[in-house]
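Here is a note for a reader who has not seen this entry before. The points can be taken in order.

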Amino acid sequence: MPVESPFHPRTRELCRSYRWKDWAGYYAVCAYDTYPEREYFALRHAAGLIDVTPLYKYVVAGRDAAAFLAHLTVRDVTKLKPGRVTYLCWCDGAGKLLDDGTVSRLDDDRYLLTAAEPSRAWLDRNRRGYEIDIDDVTDRIAALSLQGPLARDVLGELTDVAARMRFFRAADTTLAGAPARVSRTGYTGDLGFEIWVNREDAVRVYDAVLTEGRKYGLLPVGLDAMDVARVEAGFLMNGVDYASANHCLIESRKSTPYEAALEWTVELERDPFVGQDALRREKERGPARCFAGLVVDWDETEALYRAVGLPPQVPSAAWRASIPIYRPDGRQVGYATSGAWSPTLKRNLALATLNAPHGAIGEKLKIEMTVEHVRHRVTAIVTEKPFFDPERKRATPAREEPAKGKEVAS
Amino acid sequence: MSGDRAIVLGGGVNGLVAAIRLARGGRKVVLFEARDVLGGLAAGEEFAPGFRHTGILHDASCFAPELAEELGLASHGLALGPRDDILSPEAAGRGLVLSADAERTAEELAAHSPEDVARYREYRAFLDRIAPIARRLLSSPLPDPARTDLGSLARLAKDGLAVRRLGRDTMFELLRLGPMCVADWLKEWFRSERLGCLLAGPALDFGFAGPWSPATNALLVRHEILSGLAPRGGPAALVRALEASARAAGVEIRTGASVAGILTAAGAVRGVRLASGEEEPASVVLSTLDPKTTLLTLLPTGTLDPALVHRLEAYRSNGMTAKVHLAVAGSVEFASRPGERIRRARTGGSFDAVERQFDSAKYRQISPRPILDVSVPSVGSPELAPEGDSVVSVLVHWVPRDRADGWSDGARDQLGNLVLAALAEHLPELPAAVQEIEVLTPADLETRFGLAGGHLLQGEHGLDQLAARPTPELARHVCPIRGLFLGGDGAWPGGGLTGWPGALAASAVS
Amino acid sequence: MSASQVWDAVVVGGGHNGLVCAAYLAKAGRKVLVLERRHVLGGAAVSEELHPGFTFSVCSYVVSLFRPHIIRELDLARHGLELIPLEASFLPLPDGDSLCRWSDPHETRREIARFSPRDAETYPEFGMAMSRIGFFAKDIIDQPAPDPTSLDPRELARLLRLGGRFRELDPDLQHLNLQLLTMSAADFLDLWFESPVLKAPMSVSGIIGTFLGVRSAGTAYVLLHHYMGEIDGAFRSWGFSKGGTGGVSRAVASAARAFGATIRTEAAVERVLLEGGRATGVVLENGDEIRAKVVVSGMEPRRTFLSLVGEENLDPEFVTKLKRYKLRGSSGKVNLAVDRLPEFTCRPGGGAHLRGDIAIAPSVDYLERAYDQAKYGDFSERPYLNVVIPSIVDPSVAPPGQHVVSCFVQYAPYWIKEGPERWPERREAFGDAVVDTLAEYCPGLKESILYRQVLSPWDLEQEFGLTEGNIFHGELSPEQLMFQRPVSGWSRYKTPVNGLWMCASGTHPGGGVMGAPGELAAKRLLAERAV
């Protein structure tokens, strides 16, 4: 049985749909309403509040903390300045992906690592020779993700660090009298913040954010709506779009950062780090597969439905399944692992792993689609990710102008 | 690459063998030994004024005669002879002497356990039958099951066929005996457990196993196959010959030179850093130090793949042996053999008695009645002690490095007293004649010889740690760091002063 | 049937393997007769009502690796086989704490994390690695043992295929395989875990039924057994059979009969009938002669040859090998009928933790001390217990509200220092040691006992024909497995006596309620056209 997150006393009341799922051993809301649309639109037009406590969180501290994290991950974390956050991934010795997450430099020699998978054992196993302490704060730190164009306005009601915080920065502050850390990060590809508070302050902070947020249209948001947003943002998800090498029964299920479109996080030429040799070879050889965004042709979809006398249907939520992708000549060249109908873009999106030569932007492929019990193949075009990328996501606020949130992408 | 400078770490038997092979192959070789004397566990040293022992280890009979020949050790003073007779003393009774001389053993057995005379002959015949193929296996690089090139397959087929040619029954027997415990196998052969204990002893020495532990039988057979003629003058004499041969081959030997780190650049070695701070460049570093020291301590942090680091950390190398040296006035005489000049003895007359030693070690205790592996090197080498006096050297097995209460001066004294009391059972005159005693606990041996864990074989001889020694990726003497080679007893084919790990590592260099 | 009838095959012993073998032969249209000495079928896989209203799985108490394809091929579900999975592994601790491993991975993780957060994460990784190897090992248990000494090209091809599959494993797994085959369970688990509370109950699966300790080399590979069933997909590996373990035997017997086999109980075989060195049937204790083309022994090998065939009719070399075949029973069984559900101090009340197996194995040292006592010829004063209460999930085996408590006990050596025949004098003291051990965790236990059955290894031998009380018909040590089970050269169910075959746990792949030896023997008999 899953356990309750520190926000549970509130989320339980708010979740009228009774739709929950198990996220890393915690109860997590799928959607507060029966349908996630309202929550999705709150995320894209106003602001949404998501309980992300189940993320695994580790504080790595000590003289060698930076060297240790640089050794363990694909990024040279030693270059990260205090108050900054970076997104990265880490691999096993064979250069196969284990997980992805963020590292945030808390102060001179303290770092916060977030992960999708339990990573304590991995950290411990690699610590030999490093003067560090590793503290698993997963259960002690409650986390909220406040996302959407008005997120800064909402947070601005509670703290003044929000107003001028730049993309991938973080700061300590006080929220509703409770010590908190705020970072300008998130998993929706939009303007947004993540809030880290002590477990015992969770409900107090939640109440404050929700109360202040009401006037900006803030809604509590479940995982279903977040999933649509993350597909629009083109973010890959551990356990869905790739499998951690630790969980793979067979070699072909493992991927490298190059295959998962994470090559931009890899800093190869520096002191030895885990998987370096293998990644070097992978880079020289070129990855065998790639991770790409697909836009499914709408006219063809519509025609298929029309042929059976139906109006076109779109999935109401993001999906996670393995759908074959073909070349026009019929040979399978990959598989899509997640996708969603984007209410904002009015496009049917998919994220797929493709054999390397087929990942070029603009390449025309076919995706399998079942219409009225019959399988068809519909054109899907390799498209640049993110599919949706509002300027506000990374824009640096001007001093006098606290928010740019009203400008909603069409 | 010939003419390149190669550095050998460790001046024990393996280090010297490797250095000579490398130097004879045309390289410039520098050997660094941290201690002031060469030889490592085989170094003969003065432990009390006027009293010298011939090495921490007693037995050099496993040193490969092929290597002695190749390295010209005879011309550097090495004389080989039959290994020492060994006595299993009895508190009341004559005990049993096992000799390399078949006649002598037969006489002894006839008096002790007549039906074993013929069985023992058959036992030796069985071992002689399998010896050639087993020796070849143990003196070649470990076969790699992952390699499918013609040469490897041909070798595999050749070895497979050679085994098969011994006959189906022998082949079955070979497959059967390995996983067994020594006690079961030897009980199938012999009626006398005392004989069994004498034979089983070398298989169990230094390790974390008792006679009832499965897979110890493989170690028994390994030892029986390797053990042959022994250097006269003990391990120390072997070291002297090797040193002479090394100098003759042009090896530069630097003692008292402790290495603090192995230097690497771009995935390859570039030399070593001495404790004194100097850097010594080299394109080859062949380490005969134990694998944990070499790879986990001397290499810079973060150089190795974490999976390998984890495997090395898990490599079992908890020391199980202590050493006691006694300077004794006058000669020593075993009560069971009055008048005989005994050089080697091993106490323990039943498998259960030996097993109880292991039981104590399992709970990280020392047996209150330790079983002793005794050498009296001054018998036949009177120069080791002042005239008329004796040197008694005792290996005490099943003394755990990870003793529950840790090691302290008090624990060391206590161990010394236990050993004296156990000796007195068989050498009643001895305690009064002891002039000086040196007790080296596993912790002392760890420190003195720089052995991570204090294991005198540089790691347990578990089948997993022999067949992939120390780990699968390192089992062929090469490392993920180019130019770094492993050639100590922590490498294939394992410990016991055979010289093969050093020799095979040197071959892997070129 | 007339007395002069010649059967195609007569199977000696109606244990589950004998029955499986008979069922397969009958299914292939052969005329098969099964002879069972006792009044009830099943051998050690038997359920009996020893106390009114209480049905005991007298010996074997869980169904571990019963091959799913046998269930399919013999259609055992139709013949009444129902398997109920074990839900948890519960370890009460002397300090009042406890560890419970559940089928829910997150719950297990949190539970283990109380003792070691690191182990909690390693635990599923360990399961993953073991499953990967188990997948490889499964090929070995579902096929006759390969023969490495054979020069037959087909055999060599098979060996090469196995070798090839081994090479396909990545290097990590090859190493793991090597470690599993050679290391002790305790050492092997040390590579993965730090918490003794986790290591002790995991390591014991390496020693069940063997005369070895958890620190004995070679015990690690048995850990695999726990992970092999899980990837079959057919059912979870460890479970109860409804109505007790005898349910398996009853279902197989019913299937065998449906295929046309004849099964007779209380028909003890005295010897194998030999004519011109060939087995031509059996002679019963009552003097009846039964003739058959082949005799298939479901008995333990040493007993089969030395008592049914006779040393004088065998090659001395073969006799030597049989005599050194290690049986050395090391375990006993205590079955209790109790008037209420046992209550553990560390987790009061009933609950899901009792719906699986309960281990008394508080530390590796505890287990090792239990073994040390046995090495020197005593039963363990404080033994390892594997306790199950099948009446919780299968109410048919006890009156309402009352329960059956089955305790598998190790170590109880057959060779006690007084001599095995003195076991009857020590039996109750042994039973007391078991009840006392359990009562340390369950204080109300003694008062709740209505009936107690104590089975020493001596009793297992006398009652069930398990020589030296060995529950697996011979130790599962590496030198007695695969092509060496029971003796090298005779691992293909055929024996040096023409017309005499073996089909039980003393043959490849060995003991446990697997059914595999019976099935493989039958298939071999048919393939060689011996019947």
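1. Helices (H or I, at least four residues) and strands (E, at least two) are DSSP runs, numbered from the N terminus. In chain C they come to 17 helices and 18 strands. This is a predicted model: local features need pLDDT of at least 70, side-chain atom pairs count only at pLDDT 80 or more, and totals for chains, interfaces and linings use all residues. Residues are numbered from 1 along each chain as its sequence is written, while chains are lettered from A and ligands numbered from 1 in the order in which they are written.

2. The overall form of chain C can be given by its radius of gyration (taken over C-alpha atoms; the globule rule is 2.2 Å times the number of residues to the power 0.38). Of the 531 residues in chain C, 57% are buried; a residue counts as buried if 20 or more other C-beta atoms lie within 10 Å of its own, as exposed if 12 or fewer do, and as partly exposed in between, with C-beta atoms placed from the backbone.

3. Chain B has 18 helices and 19 strands. Its radius of gyration is 22 Å, close to the 24 Å that the globule rule gives for 510 residues, so chain B is as compact as a globular protein of that length. The box filled by the C-alpha atoms of chain B is roughly 65 × 60 × 45 Å, taken along the principal axes. Buried residues make up 54% of chain B.

4. Two residues are in contact if their C-beta atoms, placed from the backbone, lie within 7 Å. Among contacts with a separation of 6 or more, residues 24 or more positions apart account for 73% in chain C and for 72% in chain B.

5. Where do chains B and C meet? The contact takes 30 residues from chain B and 31 residues from chain C. On the side of chain B, the elements that give two or more residues are α6 (168–177), α12 (306–314), α13 (351–362) and α17 (463–467). The largest share, five residues, comes from α6(B).

6. A nonpolar core is a set of buried Ala, Val, Leu, Ile, Met, Phe, Trp, Tyr and Cys residues joined through C-beta atoms within 7 Å. The largest one has 316 residues, and B:Ala19 and C:Val10 are among those with the most contacts inside it. Leaving out residues up to four places away in sequence, B:Ala19 touches B:Val8, B:Val29, B:Leu31, B:Ala246 and B:Val251.

7. In chain A, five of the five residues of strand β3 (residues 47–51) are buried, so β3(A) is largely enclosed by the rest of the structure. Strands pair if DSSP finds at least two bridges between them. β3(A) pairs in the parallel sense with strand β13 (residues 218–220) over three bridges, and A:Leu49 has A:Pro220 as its bridge partner there. Four bridges join β3(A) to the antiparallel strand β9 (residues 141–147), where A:Ser145 stands opposite A:Ile50.

8. A caution concerns pLDDT, the predictor's confidence in each residue, from 0 to 100. The mean for chain A is 94, and 97% of its residues reach 70 or more. Over residues 401–410 of chain A, however, pLDDT stays under 50. Where pLDDT is low, the predicted coordinates should not be read in detail.
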